[in-house]
Amino acid sequence: MTPARRVAGVALLMTAIAGCGVRPTGVVDAGEPASGLRTGLRIYFATDSGLRGVPRLVELKELNSAVKLLTAGPNASEQSSGLVNLVEPPGTYDAVGDGDRVTLTMPGALLAAHNRLLTGQLVCSLAHAQSALHPEVRPDDVQVTLRSDAAPVGPYRCSSFLDR
């Protein structure tokens with residue numbers, strides 16, 4: 001290759017790189033940065049094959065709201081896909097969270113460690129609710145204790161109830 005061709009090739013390459021037509025601009029204000037869903041929660045319902053989480057687009061302000069959403073049950077579309085709710089709406093309940101710990105008190109409820117799907121619905125829904133309220137806490141780190149008139153059960157983590 002002759003030196004003249006080499007110089008012409010480099011000049012052509014430099015022109016292509018520098019002359020692409022994009023000119024520098026200043027800062028362009030286009031709103032807030034992308035951040036994903038700001039409001040939302042995952043509620044867990046039972047299926048023949050285990051638990052399945054479904055999204056609820058709500059602005060969660062307290063853990064008791066998650067229990068209310070859970071006891072409302074799956075919507076018609078979710079029911080047609082086989083989701084069921086095993087948690088009976090209790091007369092009273094109180095869910096309290098502190099960091100990575102949640103305690104649900106449901107007087108009169110039949111909460112038992114051997115009822116894996118019902119317990120899993122409560123544990124996973126509350127773990128995700130606590131994480132939604134406190135984003136620095138991961139749902140997998142939340143430990144949930146369930147109290148009724150009988151001895152408390154737990155603490156449990158959601159991962160104990162999900163089939164992987």
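View 1. Strand β1 (residues 41-47) is joined by 7 bridges to strand β2 (residues 50-56), and the two run antiparallel; helices (H or I, at least four residues) and strands (E, at least two) are DSSP runs, numbered from the N terminus, and two strands pair if DSSP finds at least two bridges between them. This is a predicted model, in which local features need pLDDT of at least 70 and side-chain atom pairs count only at pLDDT 80 or more, while totals for chains, interfaces and linings use all residues. Residues are numbered from 1 along each chain as its sequence is written, and side-chain values use heavy atoms, with hydrogens and water left out. With 2 residues between them, β1 and β2 form a hairpin, and L41 has R56 in β2 as its bridge partner. Because 6 of the 7 residues of β1 are buried, this strand is largely enclosed by the rest of the structure; buried means under 20% relative accessible area, exposed over 50%, and partly exposed in between (1.4 Å probe, protein chains only).

View 2. In an open sheet of mixed pairing, 4 strands follow the order β3-β4-β5-β6. The edge strands are β3 and β6 (153-156), each of which pairs on one side only. Strands β4 and β5 (residues 143-147) run parallel and are joined by 5 bridges, and the bridge partner of L104 in β5 is L146. Helix α2 packs on the sheet, where it touches β3 and β4; contact means heavy atoms within 4.5 Å.

View 3. In α2 (residues 63-72), the buried residues are L63, N64, A66, V67, L70 and T71. They cover an arc of only 155 degrees around the axis, which puts them on the same side of the helix; the arc is that of the directions from the helix axis to the C-beta atoms. On the other side of α2, K68 and A72 are exposed. The partners against which the buried residues pack are β1, β3 (94-98), β4 (101-105) and α4 (116-133).

**View 4. An aromatic pair.** A search of the whole structure finds 1 aromatic pair. Y156 and F161 form this edge-to-face pair, at 5.3 Å centre to centre and with 80 degrees between the planes; rings of Phe, Tyr and Trp (its six-membered ring) pair if their centres lie within 6.5 Å, and planes under 30 degrees apart count as stacked, over 60 as edge-to-face and the rest as tilted. At 6% relative accessibility, F161 counts as buried.

Note on methods: Axes fitted to C-alpha atoms, helices over the stretch in contact; angles between N-to-C directions.
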